[in-house]
Amino acid sequence: MANPSPGNSITLRVEAPSSFTATSELAAAVGAAGAAITALDVTESHHETLVVDVTCNTTDDDHANRVKDALNALDGVRVRNVSDRTFLMHLGGKLEVVPKVALRNRDDLSRAYTPGVARVCLAIAENPDAARNLTVKRNTIAVVTDGSAVLGLGNIGPAAALPVMEGKAALFKQFANVDAWPVCLDTQDTEEIIKIVKALAPVYGGVNLEDIAAPRCFEIENRLREELDIPVFHDDQHGTAIVTLAALVNALRVVGKKLDEVRIVVSGVGAAGSAIIQLLKAQGAKHIVAAGRSGAIHSGEQYNDEHRSWIAANTNEEGFSGTLHEALNGADVFIGVSAPHVIGEEQVASMAKDAIVFAMANPTPEIDPAIASKHAAVVATGRSDFPNQINNVLAFPGFFRGLLDAGASDITPEMLVAAAEAIANRVADDELNASYIIPSVFDPHVAADVAAAVAAAAHAAAGVHTSPAATGDTMEAAAHAAAAANTAAALANA
């Protein structure tokens, strides 16, 4: 299951005896240690020694040390230094602020700042809506977290969450030209978080809630949506639900089944699981059983939070009360947003013919995808080193691009479905197969298509006819998103 990953990439600076076989001997030793070599660069050449930078992917820190030991064990070889490429990427952070206007002389300064800026301030004071056109608000998102549920790492706090929020902001910019900024709050009090975000809201055109633990995340999102006039989107809920629906639509096309007929089992009833269930039902799914740690959620049990109560009232019509493993017997679809290794080969084998398994716990899925694929027709994960990666980056950049361009103040189920359909439609009929049900995150058209679909849904909800003139901003943003994604794809394939 543990494959070498670019997330654990290292560069070892190695001193070796000068010979024609030196680099091949180094490569053989690294390969024998189980690492995946990505580069060998001779940086110095002397009459008796070579200095070689060996770059490779490993599985974890212990594996990196084993690679180092394997090289040091070679005759005449010494590892001078080991650099962790992920930590090097994060030195000084991943973001910066760059002015959009040049300040070359007094003339520029007088208009960008005092005295000219006062005229703009007064215009906004007279008409607050003008802030959307005359400030960064038009294109800026706050990425808000309290650090209570970061990736699969748990409650690690706001400072430790900052690298993730920086990465999120970088993805917003890279894929949809949305300016996003991390807002990591040193509180996990629901009321205080709501109060702070409301106080910050004048600067931003939208709020992306991130890595806030359930059930607090539900109340925070609901309250902010009610009390703010800008869209509030909890990516762990709705981003995951959008991409899951897109992938499932195409997986069902592969196996020739219909959403309203299949039996779906969802493992995990937190933020992501609840949102997935709601969106699947909105799209027509009728047979869903959700399971938490203690087994299936059903109407015969009382639950102390409104979300499990809603799930109990709106799913599992047959009142099944068994375990997750028992629920999978004869099921067509498994969707996991829970924990590593909660199901095994026996459970997948018990599912219906042409079963679909989405094991999305990250970084370690609910089941090894290689094992799941022995019995399931379609397998997907949240990881980038297996086919069919269900990744939120397919949704949130374009989704916010569309919201900002439409000037939307709210988010509707129709927007979520429109985004999912846009993602699913990026896989053409002649491309669709069991290993390709979802487009690549580097597909240059995904963010643009999602933005256009969301903006159209927002205009429809507002009763606005979407004319070419009205969608000018979206088309411009879509072109930028496509160019940005093309650049990213070129870098990824270089």
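1. Let's start with the pair Gly336 and Ala359. In this predicted model, Gly336 has Ala359 of S13 as its bridge partner. The pairing belongs to strand S12 (residues 333-336) and strand S13 (residues 356-359), which run parallel and are joined by four bridges.

2. Now the sheet around that pair. S12 and S13 belong to an open sheet of six strands, and the order reads S11-S10-S9-S12-S13-S14. The pairing in this sheet is mixed. At the edges you'll find strand S11 (295-296) and strand S14 (378-381). Each of these two has a single partner strand, so one side of each is left without a neighbour in the sheet.

3. What packs on this sheet? Helix H11 (residues 271-282) does, and H11 touches strand S9 (263-267), strand S10 (287-292) and S12. If you want the orientation, the direction of H11 makes about 175° with that of S10.

4. There is also a four-stranded sheet to look at. This one is open too, with the order S2-S3-S1-S4, and its pairing is antiparallel. Strand S2 (36-45) and strand S4 (78-84) are the edge strands here; each has a single partner strand, so one side of each lacks a neighbour in the sheet. From one strand to the next, the twist averages 20°.

5. A closer look at S2 and its partner. S2 pairs with strand S3 (residues 49-58) in the antiparallel sense, over eight bridges.

6. The axes of H1 (residues 22-32) and helix H2 (residues 61-72) come within 9 Å, crossing at roughly 140°. That angle makes H1 oblique to H2, and the crossing is right-handed. On the H1 side the contact is made by Leu26, Ala29 and Val30, while H2 brings Val67, Ala70 and Leu71. How many nonpolar, polar and charged residues are in the contact of H1 with H2? Six are nonpolar, with no polar and no charged residues.

7. H17 passes H18 in a right-handed crossing.

8. Here is who meets whom in that pair. H17 supplies Glu414, Met415, Ala418, Ala419, Ala422 and Ile423. Facing them in H18 are Val446, Asp449, Val450, Ala453, Val454, Ala457 and Ala458. By class, the contact of H17 with H18 has 11 nonpolar residues, no polar ones and two charged ones.

9. Finally, the whole chain. The protein chain has 19 helices and 14 strands. Its radius of gyration is 25 Å, close to the 23 Å that the globule rule gives for 494 residues, so the chain is as compact as a globular protein of that length. Taken along the principal axes, the C-alpha atoms fill a box of roughly 75 × 75 × 45 Å.

How values were computed
Residues numbered from 1 in each chain as written. Predicted model: local features only at pLDDT ≥ 70, side-chain atom pairs only at ≥ 80, totals over all residues. Heavy atoms only, no water. Axes fitted to C-alpha atoms, helices over the stretch in contact; angles between N-to-C directions. Parallel < 35°, antiparallel > 145°, perpendicular 65-115°, else oblique. Left-handed = near helix turned anticlockwise from the far one by under 90°. Contact = heavy atoms within 4.5 Å. Nonpolar A, V, L, I, M, F, W, Y, C, P; charged D, E, K, R; others polar. Pairing = 2+ DSSP bridges. Rg over C-alpha atoms; globule rule 2.2 N^0.38 Å.
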